[in-house]
Amino acid sequence: MSDDNDEIDEEDAEGEEGKKKGLPKIVLIGGLGAVILLLGAAAAFFLLSGGEDEHAVAEGEHGEEGGHYESAEASHSDAVYYYDLRDGDGTEETITTNIRSVDGRPVIVQFKLTFESSRDDLGPVLEEHVDPIMDQFIVFLRELREDDLYGSTGMQRVRLELLRRVNLAIEPAQVDAVWIQEFIIVD
C-alpha cells in the first residue's frame, strides 16, 4: 500500500511539474502577443496622429500662442535673396572656359550663375570676392571632361562643386545655393 501511495504521489508530483512547465509557456506566449499588439497600436497611433501635426504646422498654427513649436528656424526670416555673378564694373559675368574632350577637339563651356542666400547683405561680399570666385570656378571647370557635364547628375555635381567653391572663396560668409541660369557647350 505504501508502494501504491508512493506511485500516486510521484504521479501527482509529475503532473504538478507538468502543469508548472506548461503554465509559463502559456504566459510567455500570451505576454509576447500582448507586447506585439501594444507595439502595433503605438505604431498606428504615431503614424495616424503624425499627419494631423504636419497639417497644423503647414497651416501655420504653431508658435503663435503657446510657443511650444518655436525654434531657431521659425524665428529666422524666410526671405530669399538672389545675386547674379557680376564683374567689377557691374555687368553680369559669363564664365567662359575650354574643357577637355575625349577626342581632342576644342570644347568651350559658358555659364551664367545666380547665387541664393538668406542674407540680404551678401551682394557687396560677392562683388568684393569676384576674382577669387572666378579663379575657383575656372580651375574646377578646366578639370572637367565634356562627358562630366551631360545629364542631370552631371549638372547636379557641377552645381554642388560650384557651391562648395564659392563658399570657400567668400568665407566666412555663405551662399545657400548656386543656380545655373545659362549653360552652353560650344564644339
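Let's start with R105 and D103, whose side chains meet in a salt bridge with N to O at 3.2 Å; the term stands for a side-chain nitrogen of Lys or Arg within 4 Å of a carboxyl oxygen of Asp or Glu. This is a predicted model, in which local features need pLDDT of at least 70 and side-chain atom pairs count only at pLDDT 80 or more, while totals for chains, interfaces and linings use all residues. Residues are numbered from 1 along each chain as its sequence is written, and side-chain values use heavy atoms, leaving out hydrogens and water.

How open are these two partners? R105 counts as partly exposed because its relative accessibility is 33%, whereas D103 is exposed at 55%. Here, buried means under 20% relative accessible area, exposed means over 50%, and partly exposed lies in between (1.4 Å probe, protein chains only).

The structure holds 7 salt bridges. One of them joins R164 to E161, with the closest N and O atoms 2.8 Å apart. These two residues sit about one helical turn from each other because they are 3 residues apart in helix α5 (residues 151-169); helices are DSSP runs of H or I with at least four residues, strands are runs of E with at least two, and both are numbered from the N terminus.

W179 lies in strand β4 (residues 177-186).
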